[in-house]
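Dear colleague,

Please find below the sequence and structure that I am handing over to you. My findings on one of its sheets follow.

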Amino acid sequence: MSQARDHGGDHWPMRPFRDRVAGPGASARRRTAAQLAVGTPVLPVLIVSVIVLVVLVGGAGMIWLPLLAAGPALAATTSGPREVLGVGLLAVMLGATLGLQDGVTGRELAAVLSAPVAVTLASGLASALRGRRERVLAAVRSVAEAAQHALLKPVPATVGPFEVAVRYSAAAAEARIGGDLYALVPTPYGVRLIVGDVRGKGLPAVSTAALVLGVFREAAYDEPDLLAVVGRIERSLSRNLGSDDFVTAVVAGYSQAGHLEVVNCGHAPPLLVRESGSVVAVEPTHPTPPLGLRALSGEAPSLQVLPFADGDQLLLYTDGVTEARNHGREFYPLAEGLARHVCDEPGRTLTALHDELLAHVGGRLHDDAALLLLRKPALSEPASDAGRGSGSRSVPSRSRSAAEGAPGGASPAAEVVQAADVVKTEDSLDGRCDGGRRSGAFVAGARP
């Protein structure tokens, strides 16, 4: 963002200089011409002009005059009511002029021009309704974006001893929010986090996600035991969900230095990246049903303790990532992609993974997808300017194209990004994050 502002600022001093050379009159004329060019429906006017030219050159009389209605009809798809009425008025005036030149009687001319008049009025009404729907959609999008910020609160770049990066993409780009959930909070009992996926879609899934996150944030501060946090969420869901509803989730906590506690409730196994670069799938030792279904199975969740040393990373994700298919119906190989792109910067790793995921599915995700990457930096690494612990702040990640200065487009799907921007020496970046890649092996299905 700062690079874009600095780059754009280099061009601003040139405009006042050109205005002084050309004079204030020329500047006003340029502004007026620009406003007319933006507000003028060029293609509808061009169609009307072509029809008039055909009538003049071909001498076909009034046969082509009803086609003048195509101008205002086309203008209704892209322009406002005033532009539509303007094109319609132009078409009627030109049609009346051509008819009078050919000696057409007033009654016949009125009958011929009734079609352009009727189409102009109908097109003006359609344009007004379209503009109203666009304003309503813009308001709905702003409300959805506000709800997304309230539900999925921005994750700081550093939380406690960890560097964090999060990327969330809703399948419905217009809604910008879905049933996937994540949260990471520092508590008196250490850093705790959750990544989950609500069964179903739409507003019911969003409501359930809000319920889970609210209970988690409250219980994470109150309960010293991670299993007690999961129990609080389970009891809340059992009172508020239907019999067929459930939530898959991974709840993790870092209460003891060097060890990470994980409770997997029917969710996809996290991926643990060792300092050496190997990627290990953390399969649960005792599989536990999803949240909300404990009463049906009678199985209590189990706590799994993992060694988590300096330089290790943990990737949590939802099934929208691993179940994304390409045109050949092949799933996205997340573990292999993580082994290719992992580096010492979580934000850069997730950017590379997300770009590869979109390329795999052809540019559009069909399910909500969430990625949360946690990294414990070594003590010898320089601290980020973003700060540590309570003094941290959220730093939005940049796409790879923006970082390299190349032009980049917005993703089809609306996205939520918070990532760490860690300051490193040039030698460290060259050795550990060359092109977002790092040498390492993927151990399929292995246990840490």
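**Findings on the sheet**

Strand 3 (residues 180–187) and strand 4 (residues 190–198) pair in the antiparallel sense over 8 bridges; strands are DSSP runs of E with at least two residues, helices are runs of H or I with at least four, and both are numbered from the N terminus. Two strands count as paired if DSSP finds at least two bridges between them.

The model is a predicted one, in which local features need pLDDT of at least 70, side-chain atom pairs count only at pLDDT 80 or more, and totals for chains, interfaces and linings use all residues. Residues are numbered from 1 along each chain as its sequence is written, and side-chain values use heavy atoms, without hydrogens and water.

Strands 3 and 4 form a hairpin, with 2 residues between them. Within this pair, V185 stands opposite R192 of strand 4.

The open sheet comprises 5 strands in the order 3-4-5-6-9, with antiparallel pairing. Strand 3 and strand 9 (304–307) lie at the edges with a single partner strand each, so one side of each has no neighbour in the sheet.

Technical notes
Buried < 20%, exposed > 50% of the residue type's maximum accessible area, 1.4 Å probe, protein only.
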